[in-house]
Structures are given as C-alpha cells and as structure tokens.
Amino acid sequence: MPKIQQPLNSGFTAFATAEEVVEGIDLSGKTAIVTGGYSGLGLESAKRLSNAGACVIVPARDVSKARAHTADVPRVTVLPMDLLDRASVDRFALDFLLSGTPLDILINSAGIMNPPLFRDADGNEGQFAVNHLGHFRLVQKLLPALEKSSNARVVSTSSRAHFSSPVNFEDPAFRDRPYDPIIAYGQSKTANALFAVALDARYKDRGIRAFSLHPGAILTGLMRNAPREVLQRHNIMDASGAAIIDPLNDRKSVEQGAATQIWCAVSAQLDGLGGIYCEDCDIAPVAEEGATRGVQRWASDPELADRLWSLSEELVG
Ligand SMILES: NC(=O)c1ccc[n+]([C@@H]2O[C@H](COP(=O)([O-])OP(=O)(O)OC[C@H]3O[C@@H](n4cnc5c(N)ncnc54)[C@H](OP(=O)(O)O)[C@@H]3O)[C@@H](O)[C@H]2O)c1
C-alpha cells in the first residue's frame, strides 16, 4: 500500500464547503487556471479562489456561456480552449506562457460523463480524450509556467467512479471490446488519479506538486446524459427533481463538492506532499478488498502511473 495514502485527520468533514476550506488564506498575487471553471464544481472553485484574491483564468469551449456564468466573479478572465482540440490547447497554453506569468494553481475540473461513444481526431475514446489526454497535453504545455511559480499545485478531479475500471492498457480506446460508457468514464477517472502520481514523481523537485480527488456525488451538468430515474435510484435527485444533500452518504451540494478541490489547491496541511488521492478534504486510504471508498491500488500504483505517462506521451504526440 502506498504509504502516502494515509488520512491526516485534517479536521474537515464531508460537510465542509469550499468557502470554509479557503477561509483565512490570502491568494493575492497568485494566478490560477480552472478548466471547467464556468459550471458546477469548477465554477464554485473559481469563485472561491477569486474571493481569496487570486487571478483566475477559465479556459472554455463555449466562451460566451463562460463569460455569462462568471460575469459577477472578480479577477476572472475567460479564454477559448477545447480539450478535444490539440491546436486550441496549444494556443491557450502558449498565450499563457507568453504572458510570463507564473502559474500557481491549476485545477483540472473539466470533464464529461457517460456519453455515447465518440472519438477525437486521433481515434481516442472521447471520455479518455477529454478527461485525461486533453489535460495531460495542457499540463505538458504549461510546465514552464508551473515551474516559474516554484510552489505550484496541479489538482486533477478524479472520481470514486474510478472503482469501475483500471486503465486498460491493451485497449484504452475500446477498439476490440464493446464500448461501455460507465467503464470508459471509470477508466478516464483512474487515469486522472494516476496522472497526479506520475506528475508529482517527475516534477516535485521542480516545485510542482500534484493531487487528485473525489469530490462527492453532486447534481451538476455532468449528469446531463443520465436519465432522471437513474439519478433518483442513486439518491442524487429526489422526486421533485431537486438535489439530495446527504454528505455522510457522499451526496453533496456544489459548495461541498468543490471543497476537496480547493483543499488540494491551497491547504498548508498538504505542504511537502503530493501524488495523493483525496476525498472529504483529507487524504483517502487505499481501498481494501470490498471497500466502497478510498483509492484503488490501480489508481495509485506508481508503476501503472509510469505506464500511463508513457502511453499518454505516445497518444498526444
Ligand atoms: N458532479 C459529480 O457528482 C462528480 C463526481 C465525481 C467527479 N466529478 C468530476 O468533477 C469534474 C467537474 O464536474 P461537474 O460536476 O462540475 O460537471 P459540469 O458542471 O458539467 O462541469 C464540467 C465542465 O467541463 C467542461 N468541458 C466539457 N468538455 C470540455 C471540453 N472538451 N473542453 C473544455 N471544457 C470542457 C464543461 O463545459 P461545457 O459547459 O461547455 O460542456 C463544463 O464547464 C469532472 O471532471 C467530473 O468528472 C464530478
């Protein structure tokens, strides 16, 4: 079991909100990028970072929607970027590098869940492409700015859904096996967790620490492909269509759902640590046989993380 996956007893619980987690922390002079920072958990995180004084850049595939959603958030800049489009990721990153600004916090919150099968221009399965490969490429391109910070954090929003699948290194793109959207989502979320392990191992000596997390189950736009009866069966939505909030059973509000992202991004409790999967604003334990929470070995194993790193380098070119 990786020794670093030991809870700290941070003092926060599943009820903590992003606002509580960042309370008393001054982020003036810091710069953050939040992918997906114009809806759901990313928007809440962008607001909290901004309220603490950070300048926040929100890359968006729908710029006008993003500007409308962030209109009342100070110090936010929206710029175009689609994680599925290599050229747009490169352009966004290059513009950022040209600004000469150190990047202190990168929260990778953008994501999609359970769509019908689609592929990117290179034939990669869509969820792996958006949730993992797009962010992998973005981070690669932003490394010089992260190094410039000398105290940077990269936060990958994984999910407990990683329990549904390891990365299938033989066939990540579902070419020789039937496409299952739930397995594909799980694979992409395992990749998010392994990416944090591999990134941290490679760059911690250059001042870049990486974390991944499960935010809880939160009714957001992510669930757009889920039928209402499925959301009700999983106790995410009640009969009236409202979100069920029950943090002890992992059902959280958006404010609670963003808390672990923000904890990973700013908490001094994580100083000197990295390559860790978190939940409920604490380090998660490794999931033992039959456990329903924590992090699976297949999402925290450094050898699998290295293997994913090599595969991702090949796939993004
Ligand atoms: N909600 C949950 O219960 C839950 C549980 C576990 C993990 N997560 C993870 O949490 C993260 C945030 O999810 P959320 O619940 O906040 O969902 P959300 O409200 O749907 O936010 C996802 C964001 O990702 C953006 N996005 C999607 N495809 C993109 C692309 N190709 N390029 C750039 N941006 C893209 C979306 O933009 P558009 O509006 O343009 O589509 C949206 O802003 C995801 O990574 C998700 O897997 C969520």
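## Ligand shell, salt bridges and cysteines

The residues of the shell around the ligand comprise 14 nonpolar, 11 polar and 5 charged, where Ala, Val, Leu, Ile, Met, Phe, Trp, Tyr, Cys and Pro count as nonpolar, Asp, Glu, Lys and Arg as charged, and the others, Gly among them, as polar. The model is a predicted one, in which local features need pLDDT of at least 70 and side-chain atom pairs count only at pLDDT 80 or more, while totals for chains, interfaces and linings use all residues. Residues are numbered from 1 along each chain as its sequence is written, and side-chain values use heavy atoms, with hydrogens and water left out.

### The ligand

The ligand is surrounded by 30 residues, of which Tyr38, Arg61, Lys65, Tyr185 and Thr220 are the closest; a residue is near a molecule if one of its heavy atoms lies within 4 Å of it. Helices α2 (40–51) and α6 each supply at least two residues of this shell, helices being DSSP runs of H or I with at least four residues and strands being runs of E with at least two, numbered from the N terminus. In Tyr38, a polar side-chain atom lies 2.7 Å from an oxygen atom of the ligand. For Tyr185, an N or O atom of the side chain is 2.6 Å from a ligand oxygen, and for Lys189 the corresponding distance from a side-chain N or O atom to an oxygen atom of the ligand is 2.9 Å. Of the 880 Å² of accessible area that the ligand has on its own, the protein covers 97%, as computed by the Shrake-Rupley method with a 1.4 Å probe.

### Salt bridges

Across the whole structure, a search finds 15 salt bridges, each defined as a side-chain nitrogen of Lys or Arg within 4 Å of a carboxyl oxygen of Asp or Glu. Side chains of opposite charge can pair when their charged atoms come close. Three of these pairs are set out below.

| Pair | N to O distance |
|---|---|
| Arg206 and Glu147 | 3.2 Å |
| Arg153 and Asp271 | 2.8 Å |
| Arg293 and Glu279 | 3.9 Å |

Arg293 is partly exposed, with a relative accessible area of 37%, whereas Glu279 is buried, at 5%; buried means under 20% relative accessible area, exposed over 50%, and partly exposed in between, with a 1.4 Å probe and protein chains only. Both residues also belong to a network of salt bridges that links Arg160, Asp250, Lys252, Glu279, Asp280 and Arg293.

In the other two pairs, the arginines are placed as follows. Arg153 is buried, with a relative accessible area of 7%, while Arg206 is partly exposed, at 44%. Glu147, the partner of Arg206, is likewise partly exposed, with a relative accessible area of 30%.

### Cysteines

How many disulfides does a search of the whole structure find? The search finds 0, a disulfide being a pair of cysteine sulfur atoms within 2.5 Å. For Cys281, the closest cysteine sulfur is that of Cys264, and because the two sulfurs are 8.1 Å apart, they are too far for a bond. Cys281 counts as buried, at 1% relative accessibility, whereas Cys55 is partly exposed, with a relative accessible area of 39%.

Definitions and conventions:
Polar contact = N/O pair within 3.5 Å; in protein donor to acceptor, adjacent residues only side chain to side chain.
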